[in-house]
Amino acid sequence: MKDTKKYMNEITRHFPDIKIESVQVLGEGMMSIVFEVNDQWAFRFAKNEGGSMDIEKEISILPAIQPKLSLSIPFFEFVGRQENGLYFVGYRKLPGVLLEEDSISRLSRIQVRNLIGSLSEFMKSLQAISVESVAYRALPAVNLETKYLQLFKEAKEKVFPHTDDKTRDYISGRFNSFLQHPDYHTYTPTLIHGDLSPNHFLIDTETGGLTGIIDFGDMCVCDPDYELLYILEDCGKGFTRDLLRSLGYSNVEERIEKISYFVTFDQIQYMIDGIIRGNEEWVEEGLLELGKEMGGCMGK
């Protein structure tokens with residue numbers, strides 16, 4: 001309650017015309033916290049420098065891409081800096097209901113089909129935006145070969161001491177297979193959301209179709225296949241397979257195999273973050289997920 005008051009004071013300090021009548025937490029992560037204010041506004045506050053940099057990126061990029069997308073994204077009507085210098089923004093709540101990571105399994109077949117169709121349309125419209133048109137806004141370009149070479153090095157230093165020989169062999173094999181596969185490093189870079197998971201989807205509860213997407217802080221220029229990392233991780237192979245077909249891919253199974261490497265590496269990054277932060281639960285969760293992979297249990 002004390003923290004809520006602190007954040008609300010920032011709103012009234014910068015925007016005294018806003019009379020706060022109701023407040024509730026919409027969501028909170030490591031980088032930021034989001035409040036619903038007066039049943040119509042979403043105010044997002046950075047909790048650290050990384051979260052503030054993400055918001056700063058969105059302030060710069062979202063107005064440029066908004067007219068070119070197929071559905072609603074945040075439009076920041078309020079931008080300010082907290083007393084600690086970190087950014088906060090306010091935008092009118094987007095239409096629809098926010099999903100959760102496990103919500104897909106509770107949707108009907110028709111709702112899933114409509115969700116896949118609207119998600120495919122969004123991804124196509126985002127990837128169709130010229131990279132050059134947003135490059136001047138300092139959007140980062142991510143080279144996955146370089147990224148995963150560095151991650152492999154960190155895994156050897158930090159993760160290997162927490163694992164047995166079998167797991168170390170599995171991790172090494174996954175990195176080597178990905179890094180040595182020539183086709184995986186030949187692609188046309190596109191604009192991607194970078195964190196396209198169900199808990200960033202707003203949907204029409206009747207139809208299942210997307211009404212909006214939030215949290216563009218990880219937006220970058222990258223391999224378009226990387227956009228499906230959290231789709232495979234959170235929604236499973238069946239959903240990912242149908243989405244790839246909707247996107248027009250013909251080599252669907254080969255593409256899923258490639259994306260599965262991203263899922264493995266995401267678990268390893270999660271473990272490294274846990275080790276750095278002293279969070280043993282993250283390390284245990286990462287090891288559990290790797291164990292499932294080794295057992296051949298990555299979705300259906």
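Modeller: In this predicted model, five strands make up an open sheet in the order β1-β2-β3-β5-β4, with antiparallel pairing. Its edge strands, each pairing on one side only, are β1 (23-28) and β4 (76-81). Helices (H or I, at least four residues) and strands (E, at least two) are DSSP runs, numbered from the N terminus, and two strands pair if DSSP finds at least two bridges between them.

Local features are described where pLDDT is at least 70 and side-chain atom pairs count only at pLDDT 80 or more, whereas totals for chains, interfaces and linings use all residues. Residues are numbered from 1 along each chain as its sequence is written, and side-chain values use heavy atoms, with hydrogens and water left out.

At one side of the sheet, β4 and strand β5 (residues 87-92) are joined in the antiparallel sense over five bridges. Arg-81 stands opposite Tyr-87 in β5. Helix α2 (residues 49-65) packs on the sheet and touches β3 (41-46), β4 and β5, where contact means heavy atoms within 4.5 Å. The direction of helix α2 makes about 130 degrees with that of β3; axes are lines fitted to C-alpha atoms, for helices over the stretch in contact, and angles run from 0 to 180 degrees between N-to-C directions.

The side chains of Glu-58 and Arg-44 form a salt bridge, at 2.6 Å from N to O; the term denotes a side-chain nitrogen of Lys or Arg within 4 Å of a carboxyl oxygen of Asp or Glu. Glu-58 belongs to helix α2 and Arg-44 to strand β3, 14 residues apart, and the pair links distant parts of the chain. Glu-58 counts as buried, with a relative accessibility of 1%, and Arg-44 is buried as well, with a relative accessible area of 5%. Here buried means under 20% relative accessible area, exposed over 50%, and partly exposed in between (1.4 Å probe, protein chains only).

By this rule the count of salt bridges comes to 14. Another of them joins Arg-241 and Glu-253, whose closest N and O atoms are 2.7 Å apart. Arg-241 lies in helix α7 (residues 229-246) and Glu-253 in helix α8, 12 residues apart. Glu-253 is partly exposed, with a relative accessible area of 42%.

The largest nonpolar core holds 79 residues, of which Ile-65, Tyr-148, Phe-175 and Ile-268 touch the most other members. Such a core is a set of buried Ala, Val, Leu, Ile, Met, Phe, Trp, Tyr and Cys residues joined through side-chain atoms within 4.5 Å. Helix α8 (residues 252-277) gives the most to this core, with 10 residues. Leaving aside neighbours within four places in sequence, Ile-65 contacts Ile-73, Leu-126, Ile-129, Val-134, Leu-191, Phe-216 and Met-219.

Ile-73, one of the contacts of Ile-65, is placed in the loop between α2 and β4. Its relative accessible area is 3%, so Ile-73 is buried. Residues up to four places away in sequence not counted, Ile-73 touches Leu-62, Ile-65, Gln-66, Leu-94, Ile-213 and Phe-216. The C-alpha atoms of Ile-73 and Pro-63 are 9.6 Å apart, and the two residues are separated by 10 residues in sequence.

A further contact of Ile-73 is Ile-213, and strand β9 (210-213) is an edge strand of another sheet, as is β6 (97-98). That open sheet has three strands in the order β6-β8-β9, and the pairing is antiparallel. Strand β8 (residues 201-203) pairs with β9 in the antiparallel sense over three bridges, and Ile-203 stands opposite Leu-210 in β9. Helix α3 (residues 109-127) packs on this sheet, touching β8 and β9, and its direction makes about 45 degrees with that of β9.
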